[in-house]
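Please look over the sequence and the fold before reading on.

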Amino acid sequence: MSGPGFVVAAALGLIAVTLAVPVPIALARATWPTRAPARALLLWQVIALAGGFSMIGALLAAGLALMPIAVVPGGIVVGAAIALTGYLLGHLAATVTVVVRSRQRHQELLWLLTSPHPTRAETLVLEDSVPLAYCVPRGWHSLTVLSRGLLDRLSSEELSAVIAHERAHLDQRHDILLVAFRAWHSALPWFPIAARAAEEVDVLVELLADDSARRVVSDRALAHAIAAVARVEPDGAPRTVRHPATARSRDRLLRLAA
Ligand SMILES: [Zn+2]
């Protein structure tokens with residue numbers, strides 16, 4: 001078998017394989033992303049998008065090149081490319097639907113369990129002694145939720161750090177990125193790189209939000225605030241499960257101490 005169609009298919013296949021394994025592994029092992037999280041985040045998006053398009057493109061090109069020689073096998077390969085596209089888009093749509101529904105349920109609970117902050121707009125106070133802060137994306141009227149435990153424990157500058165961090169998640173729409181990478185991971189759960197990419201993006205959006213907070217408060221205040229909420233560090237998408245201190249918080253603290 002030869003011809004330009006097969007050459008294109010082989011080239012796209014090679015790009016897909018390169019973007020599926022060695023490139024993400026090298027990026028995940030690199031140390032520079034902690035110093036340049038925005039660039040690393042952009043690179044993960046390019047890897048995911050270019051990887052997906054080259055994988056589908058390789059199948060499509062191979063199928064179309066095969067059809068004049070063998071109609072049925074060629075049609076099967078083209079059908080596989082279309083099915084893969086539909087599968088990935090379907091997973092994305094399903095993940096978005098789940099997130100939107102869970103966000104709506106979460107907001108309904110918030111109206112019951114919180115009260116508006118007396119001085120800060122679009123900020124709700126949760127009567128809970130556990131130090132907790134997170135944001136709920138809602139278009140133009142996104143919410144920041146702070147617990148009573150957090151308000152009691154943090155100084156004014158530390159509280160500003162937490163709020164600047166959460167506002168950065170909202171302003172930079174980290175929730176959209178997180179949903180996209182989680183959808184990719186849930187569509188390909190057997191593909192370790194998809195899990196790794198979702199974890200890396202999780203960390204990078206935290207670092208980016210920290211960098212925004214560092215523009216308005218000292219690193220020391222931000223570090224204290226991170227330590228205070230380390231037990232419960234939600235991010236862009238609302239989470240109802242509180243999880244313990246993670247390597248992510250330690251990485252954030254080490255970076256501020258450097
Ligand atoms: Zn965060």
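The model is predicted. The chain has 258 residues, of which 33% count as buried, and its secondary structure comes to 10 helices and four strands.

**Overall layout**

- Along the sequence, the elements follow the pattern α-α-α-α-β-β-β-β-α-α-α-α-α-α.
- The C-alpha trace spans about 75 × 40 × 30 Å along its principal axes.
- If contacts between residues at least 6 apart in sequence are taken, 63% of them join residues at least 24 apart.

**Packing of α6 and α9**

- Helix α6 (residues 156-171) packs with helix α9 (residues 219-229) at an angle of about 75 degrees, and the two axes are 8 Å apart.
- Angles of 65 to 115 degrees count as roughly perpendicular, so α6 is roughly perpendicular to α9.
- On the α6 side, the contact is made by Glu 157, Glu 158, Ala 161 and Val 162. On the α9 side, Ala 221, Leu 222, His 224, Ala 225 and Val 229 take part.
- Sorted by class, this contact of α6 with α9 has six nonpolar, one polar and two charged residues.
- Arg 220 also belongs to helix α9. With 13 other C-beta atoms within 10 Å, Arg 220 is partly exposed.

**Helix α7**

- Helix α7 (residues 174-187) has 14 residues, which should span 20 Å at 1.5 Å a residue. The C-alpha atoms at its ends are 20 Å apart, in agreement with that value.
- The buried residues of α7 are His 174, Asp 175, Leu 177, Phe 181, Arg 182, Ala 183, Trp 184 and His 185.
- Those buried residues pack against four helices: α3 (37-66), α4 (71-113), α6 and α8 (192-214).

**Nonpolar cores**

- The largest nonpolar core has 44 residues, and Val 162 and Ala 225 touch the most other members.
- Elements that give two or more residues to this core are the strands β3 (133-136) and β4 (143-147) and the helices α3, α6, α7, α8 and α9.
- Helix α8 supplies the largest share of this core, with 11 residues.
- Not counting residues up to four places away in sequence, Val 162 touches Ala 133, Leu 150, Leu 154, Ala 225 and Val 229. Of these, Ala 225 and Val 229 are also among the α9 residues that make the contact with α6.

- Ala 58 is in helix α3 and is buried, with 22 other C-beta atoms within 10 Å.
- Apart from neighbours within four places in sequence, Ala 58 is in contact with Ala 9, Leu 12, Gly 13 and Ala 16.
- Ala 58 and Leu 14 are 44 residues apart in sequence, and their C-alpha atoms are 8.8 Å apart in space.
- Val 99 is in helix α4. A residue is buried if 20 or more other C-beta atoms lie within 10 Å of its own, and Val 99 is buried because it has 20.
- The C-alpha atoms of Val 99 and Tyr 87 are separated by 18 Å, and the two residues are 12 residues apart along the chain.

**Residues with positive phi**

- Most residues other than glycine have a negative phi.
- Glu 122 has a positive phi, near 50 degrees. Glu 122 is in the loop between β1 (114-116) and β2 (123-126), and with 16 C-beta neighbours inside 10 Å it counts as partly exposed.
- Arg 173 also has a positive phi, near 50 degrees. Its place is in the loop between α6 and α7, and with 13 C-beta neighbours inside 10 Å Arg 173 counts as partly exposed.

Key:
Residues numbered from 1 in each chain as written. Predicted model: local features only at pLDDT ≥ 70, side-chain atom pairs only at ≥ 80, totals over all residues. Axes fitted to C-alpha atoms, helices over the stretch in contact; angles between N-to-C directions. Parallel < 35°, antiparallel > 145°, perpendicular 65-115°, else oblique. Contact = placed C-beta atoms within 7 Å. Nonpolar A, V, L, I, M, F, W, Y, C, P; charged D, E, K, R; others polar. Expected span 1.5 Å × (residues − 1). Buried ≥ 20, exposed ≤ 12 C-beta atoms within 10 Å, placed from the backbone. Core = buried A, V, L, I, M, F, W, Y, C linked by C-beta atoms within 7 Å.
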